[in-house]
Amino acid sequence: MVSVTLNEVRKAYAGHPVIHGIDLEIRSGEFLVLVGPSGCGKSTLLRMIAGLEEITDGTIAIGDRIVNDLSASQRNLSMVFQSYALYPHMSVRKNLAFGLGNLRMARPEIERRVAEAARILQIEELLERKPRQLSGGQKQRVAIGRAIVREPQLFLFDEPLSNLDAELRVQMRVELASLYNRLGTTMIYVTHDQTEAMTMATRIAVLNKGRLEQVGTPFELYNHPRNLFVASFIGSPKMNLLQAEVGADGRAELAGLGHLTLPAGITTRGKITLGVRPEHLVPGGSDGDLELPGKVSLVEYLGSEVFLYVLLSTGQTVLAQAPGNAPFRKDDPITLALRSDDIHLFDAAGLRLERAQA
Amino acid sequence: MEKFFRRNFAGYAFLAPWLIGFFLLALGPIVASLYLSFTKYNIVRPPQWIGLDNYFYMFQFDDRFKKALQVTFTFVVISVPAKLIFALAVAMALDKGVRAIGWYRALFYLPSILGGSIAVAILWRQLFDYNGVINAVVRWFGIDGPYWLSDPRYSLWTLIVLAAWQFGSPMLIFLAGLRAIPNDLYEAAEIDAAGPVRKFFAITVPLLAPVIFFNLVLQMIEAFKSFSGAFVISGGAGAPLDSLLFFTVYLYNEAFQFLRMGYASALAWVLLLIIALFTAIAFWTSKYWVHYENERG
Ligand SMILES: Nc1ncnc2c1ncn2[C@@H]1O[C@H](COP(=O)(O)OP(=O)(O)O)[C@@H](O)[C@H]1O
Ligand SMILES: [Mg+2]
């Protein structure tokens with residue numbers, strides 16, 4: 001187990017900056033998920049930590065050793081690639097043993113570790129097969145197996161589940177989480193899927209266009225997003241955003257929808273954005289601080305719950321969540337109630353407006 | 001039958017030029033040469049059937065035939081690996097290096113286009129002449145260069161160098177093969193603590209094996225058939241001292257100098273069988289060292 005410290009890390013490809021000075025401390029034994037939209041630089045950052053990509057500027061330390069000038073193999077880490085990158089001409093056993101052989105480990109020790117990894121990942125009966133004879137899920141396990149036989153101090157994952165079908169992805173998510181609990185090794189996990197991030201991470205770092213937007217626990221990110229980007233990136237379905245204008249009296253006017261008294265401590269005037277998660281828009285509610293009239297335009301029934309797409313009188317569509325037995329149908333008129341305690345407020349620049357602590 | 005033909009007439013019409021060419025220019029001569037190899041035929045008089053005599057003579061009494069085999073085998077065994085290793089080395093350098101390499105590729109391919117031609121063979125002869133450019137360079141270092149072409153100890157080596165210099169086409173095929181190896185395998189190997197040598201032998205060679213095999217067979221066939229360089233440099237007769245008596249040169253001599261068409265046809269068929277045999281051996285051994293990615297099993 002080891003910590004990883006990024007200090008003002010930058011990366012430019014042929015003069016084009018793609019990572020703009022990242023400071024990040026990954027604690028020893030932490031499962032950190034690096035999440036962000038595709039193309040934001042997650043892989044680049046991970047590959048710099050791995051030693052596969054040169055660091056343009058800044059330093060990366062693993063433990064208390066600065067690793068900028070160390071090769072990938074000297075950093076004592078393992079990496080699982082999105083494509084799995086299994087050696088196609090080697091059996092599963094050889095795939096697992098390859099790295100250990102290169103480290104000139106003794107035969108019996110290699111065999112012990114391969115057997116152990118195969119047992120943990122339940123791939124014992126696949127050991128003599130070639131990668132092309134494996135299903136996607138089995139390849140994934142072998143790739144993870146190849147990472148764990150090294151018994152490294154740090155695991156890196158680059159979108160390891162994105163080539164799997166939905167069901168398998170959920171299953172592997174659980175298995176990765178339990179693997180983490182069993183090994184307790186520091187893990188850095190890259191994904192564009194916020195659900196993966198929320199379910200597995202001890203902490204999440206949200207990356208956007210080569211910059212860190214926020215770092216925190218899943219709870220912090222969901223309940224206290226620092227800006228509009230994080231607010232709409234984290235959470236599925238997405239947070240509803242409503243435009244408003246705060247007048248001199250300190251009340252927010254939502255054009256065509258009414259007024260809302262803002263929580264204590266908010267002193268901003270002018271344009272703001274209100275964020276409301278679907279579960280905080282209560283269909284048919286009457287005890288809210290603001291009621292939004294509209295019409296149901298689409299019903300998504302998921303069994304235990306139902307998502308209602310509601311067309312407001314302003315022409316904007318918002319999403320509300322209701323219990324599965326809620327009696328709404330398409331084209332029903334509806335009123336959505338929201339409480340000012342549940343809303344997130346962002347200023348004109350998209351930064352979170354903190355309310356007074358109760 | 002008639003219906004079938006009428007329906008497919010257009011197809012056969014389009015095929016006709018090729019079919020006519022094939023029967024007239026390829027299959028016809030092949031069959032004719034097989035027949036002639038069992039005859040004595042000097043163009044002037046009609047062919048005279050002598051059964052297997054040409055073949056018996058070849059294997060029992062013909063010392064120049066043996067010499068030609070020896071020269072050709074030496075050439076194949078040395079020039080093919082040399083050319084392939086050289087081609088792979090250049091392909092790897094190009095694959096690693098500059099990516100916008102259209103010009104470089106053309107430049108490297110040029111020798112292969114030119115290399116087979118008579119003009120380059122003549123150029124080569126002048127370069128390696130005792131008073132040629134090569135010896136002029138060697139002389140700067142205070143060495144008196146040998147008679148590269150007229151000394152039987154060196155003449156074959158000069159031709160081997162000429163052959164290896166025509167590495168362009170296998171190089172391009174290697175380059176395409178190298179590009180097809182996913183880069184993340186090298187990255188995985190890098191993390192797995194594999195050095196450059198280990199990466200080469202554990203990743204590049206096995207994944208390139210089908211391409212290596214393809215190039216090997218192609219180049220081997222080409223080397224067995226190689227003619228123009230030896231013909232020009234040896235003055236058409238395999239000189240000096242038959243050291244450049246390539247099989248094809250010997251065959252040419254028998255056919256067009258001594259007008260022993262029947263015997264030359266037999267030589268051609270022996271060469272064909274030798275090439276077929278070696279190709280078959282290559283295919284047969286390939287299942288032990290060539291693994292195709294899409295193969296089941
Ligand atoms: N080798 C490269 N050369 C040039 N640009 C690159 C290279 N690799 C990545 N990029 C660019 O850097 C940005 C970040 O890429 P990447 O880290 O792969 O994103 P992510 O993994 O978040 O999808 C992208 O805009 C991509 O086009
Ligand atoms: Mg990526």
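Me: Which helices of chain B are included in what covers the buried residues of H13(B)?
Reply: This is a predicted model. The buried residues of H13(B) include Phe247(B), Tyr250(B) and Leu251(B). What covers the buried residues of H13(B) includes helix H4 (63–96), helix H11 (196–225), helix H12 (228–233) and helix H14 (261–289) of chain B.

Me: Why is helix H13 of chain B largely enclosed by the rest of the structure?
Reply: A residue counts as buried when its relative accessible area is under 20%. Helix H13, residues 247–257, is largely enclosed because the number of its 11 residues that are buried is eight.

Me: Which residue just after H13(B) takes a positive phi?
Reply: The helix covers residues 247–257 of chain B. Just after it, a positive phi of about 55° is found at Leu259(B).

Me: What percentage of the residues of chain B count as buried?
Reply: Chain B is made up of 14 helices and two strands. Its C-alpha trace spans about 75 × 75 × 35 Å along the principal axes. For contacts in chain B with a separation of 6 or more, residues 24 or more positions apart account for 67%. Of the 297 residues in chain B, the share that count as buried is 40%.

Me: What area is buried between chain A and chain B?
Reply: The size of an interface is often given as the accessible area lost when the parts come together. Here the contact takes 25 residues from chain A and 19 residues from chain B. Carbon and sulfur atoms give 56% of the buried area, which is about 2,000 Å².

Me: Which residue of chain A forms a salt bridge with Glu187(B)?
Reply: Between chain A and chain B the count is two salt bridges. In the one that involves Glu187(B), the closest N and O atoms are 2.7 Å apart, which is within the 4 Å cut-off. The partner of Glu187(B) is Arg47(A).

Me: How many charged residues are on the side of chain A that touches chain B?
Reply: Across the interface of chain A and chain B there are nine residue pairs in polar contact, both at pLDDT 80 or more. Helix H1 (42–50), strand S6 (77–80) and helix H2 (92–102) of chain A each supply at least two residues of the side that touches chain B. By class, that side has 13 nonpolar and eight polar residues, and the number of charged residues is four.

Me: How far apart do the C-alpha centres of domain 1 and domain 2 of chain A lie?
Reply: Chain A is divided into domain 1, residues 4–232, and domain 2, residues 237–346. Their contact takes eight residues from each of the two domains. The C-alpha centres of the domains are separated by 39 Å.

Me: Which residues of domain 1 of chain A lose the most area to domain 2 of chain A?
Reply: The area buried between the two domains is about 710 Å², with 60% given by carbon and sulfur atoms. On the side of domain 1, three residues together make up 65% of what that side buries. They are Tyr222(A), Leu228(A) and Ser232(A).

Me: How many salt bridges are counted between domain 1 and domain 2 of chain A?
Reply: There are three residue pairs in polar contact between the domains, both at pLDDT 80 or more. Helix H7 (218–223) and helix H8 (228–233) of chain A each supply at least two residues of the domain 1 side. That side has five nonpolar, three polar and no charged residues. The salt bridge count between the domains is zero.

Me: Is Ala14(A) buried or exposed?
Reply: Ala14(A) is in the loop between S1 and strand S2 (16–26) of chain A. Its phi is positive, about 50°, although Ala14(A) is not a glycine. The relative accessible area of Ala14(A) is 82%, so the residue is exposed.

Note on methods. Residues are numbered from 1 along each chain as its sequence is written. Chains are lettered from A and ligands numbered from 1 in the order in which they are written. This is a predicted model: local features need pLDDT of at least 70, side-chain atom pairs count only at pLDDT 80 or more; totals for chains, interfaces and linings use all residues. Side-chain values use heavy atoms; hydrogens and water are left out. Domain bounds come from an automatic or database domain assignment. Contact means heavy atoms within 4.5 Å. Buried area is the accessible area (1.4 Å probe) that two parts lose on being put together, summed over both. A salt bridge is a side-chain nitrogen of Lys or Arg within 4 Å of a carboxyl oxygen of Asp or Glu. A polar contact is a pair of N or O atoms within 3.5 Å; within protein, one must be able to donate a hydrogen and the other to accept it, and residues adjacent in sequence count only if both atoms are side-chain atoms. Helices (H or I, at least four residues) and strands (E, at least two) are DSSP runs, numbered from the N terminus. Ala, Val, Leu, Ile, Met, Phe, Trp, Tyr, Cys and Pro count as nonpolar, Asp, Glu, Lys and Arg as charged, and the others, Gly among them, as polar. Buried means under 20% relative accessible area, exposed over 50%, partly exposed in between (1.4 Å probe, protein chains only).
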